[in-house]
Amino acid sequence: MKFSGAEIIVKLLERQGITTIAGIPGGANLPMYDALGQSEKIKHILTRHEQGAGFIAQGMARVSGQPAVFFATSGPGATNTLTAIADAKLDSIPVICITGQVPLSMIGTDAFQEVDTYGLSVPITKHNYLVRSVEELLHVIPNAFRLAASGRPGPVVIDVPKDVQTAILEFDEWPAPGRRDPGPELIPAEVERAAAMINAAEKPLLYLGGGVIQSGTSGDVLALAEKGNIPTVLTLMGLGILPHDHPLNLGMLGMHGARYTNMAMEECDLLIAAGVRFDDRATGKVAEFCPNAKIVHIDIDPSELDKIKTATASVTGDIADILNMLLPLVDRQARADWMERVASLKAACPMIVPDADNPASPYGVILRAAELAGNDAIVATDVGQHQMRTAQVYPFEQPRQWLTSGGLGTMGFGMPAAIGAALAAPDKTVLCFTGDGSIMMNIQDLATAMENNVNIKIILTNNNALGLVRQQQDLFYGKRYYASDYARRVDFVKIAEGFGIATYDFEQCEDPAALLAEAMATPGPAFIHVPISPDEPVYPMVPPGAANCEMIGGEANV
Ligand SMILES: Cc1ncc(C[n+]2csc(CCOP(=O)(O)OP(=O)(O)O)c2C)c(N)n1
């Protein structure tokens, strides 16, 4: 066989099962685009910004659990991808970014559109490559897939100089596609110790995060919770692991968690942490997090163990394997006193949802959209108050239903991630809750949504402000609203219309519920504009740096 480097890349991607690639062409990746144009198996999504391409890939990967690919050219194309890559690193999402680079002989000469993509991406990738010969591609591409998906997933960058793309290679055999490695072998004594601690605990709590979703084990985790009667709290990344209305699901913990959730954590005597990294938005002041609890920490990434909080016992391995071994060792227990205590906390300090029945209110629109979208809709958000409200009240049913930028907290994530989700799951409705600050960060990819006619329903709660920032100024900076209110209003409805998207405006609308229902029932992209007041806080809120028990707002009697 004889192929160019660019053809080898495309054929190897096909052999990996890739069917969709988002990206933008330029001088340094045109050979790859030329080869991609010949592919009958891969569809290309031409975005309007490389960050959008990265978030589309993330949307596909988050929904499918499989690595997704995006392309960019050298220089500005590559630098435009960096935020999406860093975002994938912090949320452990397997994406592969393939960039064009100036020819090998020109590297280091400040050539046109030359930037050190390899160097720039070192700290924000799981692994990265600067490919120096066409031969290398045969192991770099499968290896990139293996690395992105194995252990704790993450992003990989492959930078391919233009002359490597055009070089011709003769070879006999295609390499095997790269796949996720099996998890490390478990140490049975570690699992037995964890089981003994769980069996001895009177007030245990499961604390579950994105790692559980990555390992695909939510059924086993539910079995563990039910067998031991162990109430469960979820991180922002873990929403969907348990159905929202399961009696053992105490919902999201941390900065915007419900009062009863954070209060139960104060009282637990054992925290069984799985696939979590003790992120500061979840723990609040670490020294005061779960002050009465021993900790069992379970994770595939040994570098997470004892990183923030020292565990009493830890188990390294794939959470699926660990639960398999752990489940038979855990005693069936009623834990009646603890169940009763948790139920009484829930009754005394419930999650207060202001104006829940009003479909034009910040919370009400989320709840009404959820009702209309059905149980298996996918939900993406941007970053801000709308994100926290959605996390607090959306009735999630299953893993991989929820896409949010948890670690990096990137405004601009939501809409392109929703496009990626819709491409990966074309039969589902995808909701995208966004704010007027966030949508502007990648608004250009409304064109991409329109061109591909994806079934995404963008719900913009427009407070003409950077709401979550403004809320902090309100609470912690003496109401000095500096640089958080926009001076003028933007006509988002006209903008969306300009992009060719169907629009639905709640402004002066007599029956917002009917309008929302109409938007949801019409296939294809929709833009729903919901004007709200900037003075609508998201409560409860743990002040940054404070302990979770010091949360403010959201009391039942307010
Ligand atoms: C790229 C980026 N820049 C700045 C921030 C800081 N930030 C966090 S939330 C927020 C306000 C978001 O406003 P909007 O999207 O309108 O949502 P709202 O809070 O009003 O619902 C800002 C500026 C961020 N998270 N991401």
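**Notebook: cavities, domains and local geometry**

The model is a predicted one: local features need pLDDT of at least 70, side-chain atom pairs count only at pLDDT 80 or more, and totals for chains, interfaces and linings use all residues. Residues are numbered from 1 along each chain as its sequence is written, and side-chain values use heavy atoms, with hydrogens and water left out.

**Entry 1. The largest cavity**

I noted the rule for the search: on a 1 Å grid over the protein atoms alone, a cavity is a set of points where a 1.4 Å probe fits but cannot get out, and lining residues have an atom within 4 Å of a point. Grid points are joined across faces, edges and corners, and a volume is the space filled by probe spheres set on the points.

The largest cavity has a volume of about 160 Å³. I found 15 residues in its lining, and the closest to the centre are Arg62, Ile213, Met237, Arg400 and Trp402. Helix 9 provides the largest share, 3 residues.

I sorted the lining by class and recorded 8 nonpolar, 5 polar and 2 charged residues. Here Ala, Val, Leu, Ile, Met, Phe, Trp, Tyr, Cys and Pro count as nonpolar, Asp, Glu, Lys and Arg as charged, and the others, Gly among them, as polar.

**Entry 2. The second largest cavity**

The second largest cavity has a volume of about 40 Å³. Its lining includes Pro362, His386, Phe433 and Thr461. I found that helix 15 (362-373), helix 16 (385-393), strand 17 (430-435) and strand 18 (456-462) each supply at least two of the lining residues. Helix 15 gives the most, with 3 residues. By class, I recorded 5 nonpolar, 3 polar and 1 charged residues.

**Entry 3. Domains**

I looked up the division of the chain and found domain 1 (2-170), domain 2 (188-348) and domain 3 (362-531), with bounds that come from an automatic or database domain assignment. The centres of domain 2 and domain 3, taken over C-alpha atoms, are separated by 31 Å. In contact (heavy atoms within 4.5 Å) are 14 residues of domain 2 and 16 residues of domain 3.

The area buried between these two domains is about 1,400 Å², and carbon and sulfur atoms give 62% of it. Buried area is the accessible area (1.4 Å probe) that two parts lose on being put together, summed over both.

**Entry 4. Salt bridges**

I used this rule: a side-chain nitrogen of Lys or Arg within 4 Å of a carboxyl oxygen of Asp or Glu. Across the interface of domain 2 and domain 3 the rule finds 0 salt bridges, while the structure holds 15. One pairs Asp91 with Arg62 (2.9 Å, N to O). Asp91 lies in helix 4 (residues 76-91) and Arg62 in helix 3, so this pair ties together parts that are 29 residues apart in sequence.

**Entry 5. Backbone exceptions**

Most residues other than glycine have a negative phi, and most peptide bonds are trans. Ser92 is not a glycine, yet I noted a positive phi of about 55°. Ser92 lies in the loop between helix 4 and strand 5 (95-101). I also found a cis peptide bond between Tyr539 and Pro540, with omega about -5°. Pro540 lies in the segment after strand 20 (526-531).

Definitions and conventions:
On a 1 Å grid over the protein atoms alone, a cavity is a set of points where a 1.4 Å probe fits but cannot get out, and a pocket is an open set with protein on both sides within 12 Å along at least five of seven lines; lining residues have an atom within 4 Å of a point. Helices (H or I, at least four residues) and strands (E, at least two) are DSSP runs, numbered from the N terminus.
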